Each structure stands twice: as C-alpha cells, then as structure tokens.
Amino acid sequence: MDIVCLKCGDVGFKEAIVFCSKCQSYALHRYCLDGPVIFIDDVIWFCEDCEPKPIALYSLDQSTLLSSKTTNSANLANNAIQSRRKLKYCIKRPKKSNQRHKKKIGEKQKKEKVNSGLVAKTKVLLSDSSCLPELEHPQCSISHRQENESKNECGPVPTDATNSNVDAQPIAEPIWRGNLFFCNEAIVTVNGLQAHLSSLASLKVLTEARLFPEVLCADLLPRSVVWPNSFKNEGPTNQNIALYFFGSEKIFDKLVDDIIRKEVAIRVGTKNAVLLIFPSTLLPIQHQKFQTKYYLWGVFRKKSNFT
C-alpha cells in the first residue's frame with residue numbers, strides 16, 4: 001500500500017517520505033515539514049502524539065516535599081491508568097488514520113483511471129519527435145528582432161490546477177549534473193552544476209530535462225530581452241519554476257552574484273525548447289533564498305521562433 005503524507009494527503013515523491021522517529025506510524029514529505037527542507041541528511045521528526053512534552057521544574061520547599069509523600073501512592077496509580085488509556089488511544093488513532101488514507105487513495109485511483117487515456121496520449125506525443133519542431137542548436141549570435149519575437153512565446157511552468165495553492169520545492173535527487181559553457185563570454189565554463197525538478201513541474205519538463213547533455217551551451221543576454229511578458233504585470237512566483245539550479249559554493253555563488261549585479265539572464269537551447277534561467281532575487285521575498293543562499297531557477301519556452 002502506498003504511503004500517504006498526513007499534511008498534503010498525497011503520495012507525492014516516495015523518496016521524500018519521512019516517518020515519525022518514534023512510532024514509525026505517521027509519515028510526511030520532507031518538503032511538507034516546517035522549516036528549511038533537508039534532502040540529504042536524516043531528519044528527526046516526531047508526530048503529534050510522540051513529540052516530547054516540556055517538563056516544568058519547580059523549586060519545592062521542605063514542607064511541600066513532606067506533604068507530597070502522603071500522595072505518592074495515589075498519584076502512581078492514577079498515572080498508570082492514564083498511561084494505559086493513552087497507549088490504547090495511540091494504537092487506535094493510526095488505524096483510523098489508515099482508513100482515511102485508504103479512502104483517499106481509492107478516490108485518487110478512480111480519477112487516475114478516468115485520465116489514464118489522456119496521460120497515455122501525452123506520453124506518445126512527447127516520445128514522438130515528429131510532433132515537435134526539428135530545429136538546430138541556437139547560434140552564439142542572434143538578431144535583436146528575433147529576441148523580441150521570442151519573448152512572446154514564453155509562459156509559466158505548466159502545473160496541475162489542484163496544486164495552485166501549494167508552494168513548489170526542489171526535488172532532492174538532481175535530474176541533471178553537468179557544466180555550462182558560455183560561448184558569447186570569451187569561452188567561460190562553469191562546472192559542477194545540478195538541476196533539480198520542481199515539485200510542481202509538469203511531465204514535459206521531466207522529459208525535456210532528461211535529454212540535457214553533460215555540457216549545456218549557453219548565452220548571457222540582457223534580462224529585458226528575454227523576460228517573459230506573462231511576468232511583467234504580477235511577476236513570477238515559485239509556482240512558475242520548472243528547474244532549480246545549485247552548484248559548488250565558490251563558483252556557483254560568483255555566477256549568481258554576476259547575474260544579479262549585471263541584470264542578465266542565461267539562455268540555453270535544449271533539444272525541443274529554450275531554457276531561460278534567472279536569479280532567485282526576482283521571486284517573492286519569501287522564496288528568494290534556499291538554505292540562506294540565493295540560487296538560480298529556470299522556465300521553458302517554445303522553440304518554434306528560433307532558426
């Protein structure tokens with residue numbers, strides 16, 4: 001039986017599931033826990049029933065200690081009764097919770113059966129290269145007119161309508177590891193980059209990211225040239241993110257600082273689309289840092305306007 005997160009009520013990504021460190025009966029996704037998301041190290045987490053309760057300490061005078069001796073036996077008996085009741089409650093509660101989870105899983109499976117035909121057609125279209133424009137890798141130089149036309153083809157990352165109120169998080173396991181080669185910057189290479197899928201990324205994003213070569217040929221362009229029209233009114237949110245980019249501390253931090261300071265963006269031509277990469281400072285303030293540091297994020301645009 002699939003494990004369901006108690007907070008979001010979904011199976012989500014199994015590799016992100018964390019069980020209660022004490023009873024092992026409850027489970028949450030790592031990205032559903034409060035605080036910064038930890039993907040590599042072990043997480044110590046207690047469910048509501050198992051969370052240690054703070055014990056208040058009081059200074060007792062001699063008379064209080066003497067009077068307490070007369071009630072020790074009665075208190076011990078009461079504590080034993082309460083402990084047995086609590087144990088029964090803790091045993092019954094997971095059973096009820098599991099019944100609710102089974103009901104949710106059953107309802108979700110019914111919906112998946114209804115949409116299975118649509119998903120199968122989508123996979124066939126993605127696997128068939130004839131359904132996508134067959135274009136060469138973008139050259140290192142491109143006219144200003146083509147850049148202005150390409151802006152209108154960029155849109156937000158496709159997401160499921162049911163996740164419209166859920167914050168995106170980077171998936172722990174990288175979808176790509178490799179290097180960036182800037183052909184318009186006097187042969188500059190940035191090594192040791194990692195791309196992580198957003199937890200709200202679509203199937204098309206997953207398919208395209210798996211086709212990345214080890215070395216991505218990139219261009220540094222003014223941000224205003226490639227900034228999507230859909231971001232001009234309200235600006236992007238973390239739900240627009242398709243990929244999160246991280247890297248080794250010194251090299252990656254310098255790259256992020258340069259992109260922020262120079263107000264530029266990275267454009268990468270992938271197999272079936274164009275990837276635009278921006279700094280996290282353009283996101284709402286609550287999403288600008290991951291583990292106290294700025295990072296890079298990317299969105300995809302159709303490649304039909306490029307030759």
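Biologist: Let's start inside: are Asp-219 and Arg-267 buried or exposed?

Modeller: Quick heads-up: the model is predicted, so to speak of a local feature takes pLDDT of at least 70 and a side-chain atom pair pLDDT 80 or more, while totals for chains, interfaces and linings use all residues. Numbering runs from 1 along each chain as its sequence is written, and side-chain values use heavy atoms, leaving out hydrogens and water. Buried means under 20% relative accessible area, exposed over 50%, and partly exposed in between (1.4 Å probe, protein chains only). For Asp-219 and Arg-267, the answer for both is buried.

Biologist: How far apart are the closest N and O atoms of Asp-219 and Arg-267?

Modeller: These two form a salt bridge, meaning a side-chain nitrogen of Lys or Arg within 4 Å of a carboxyl oxygen of Asp or Glu. Their closest N and O atoms are separated by 2.3 Å.

Biologist: And how many residues apart in sequence are the parts that this pair ties together?

Modeller: Asp-219 sits in strand β5 (residues 215-222), and Arg-267 sits in strand β7 (residues 264-269). Helices (H or I, at least four residues) and strands (E, at least two) are DSSP runs, numbered from the N terminus. Because the partners lie in those two strands, the pair links parts whose separation in sequence is 48 residues.

Biologist: How many salt bridges does the rule count?

Modeller: Another pair to look at is Arg-177 and Glu-173, whose side chains meet at 4.0 Å, N to O. Glu-173 counts as exposed, with 51% relative accessibility. By the rule, the salt bridge count is 5.

Biologist: Where is Glu-263 found?

Modeller: Phi of Glu-263 is near 55°, a positive value in a residue other than glycine. Most residues other than glycine have a negative phi. Glu-263 is exposed, at 51% relative accessibility. Its place is the loop between α6 and β7.

Biologist: What is the relative accessibility of Gln-291?

Modeller: Gln-291 also has a positive phi, near 55°. You'll find Gln-291 in the loop between β8 (273-279) and β9 (296-302). Gln-291 counts as partly exposed because its relative accessibility is 47%.
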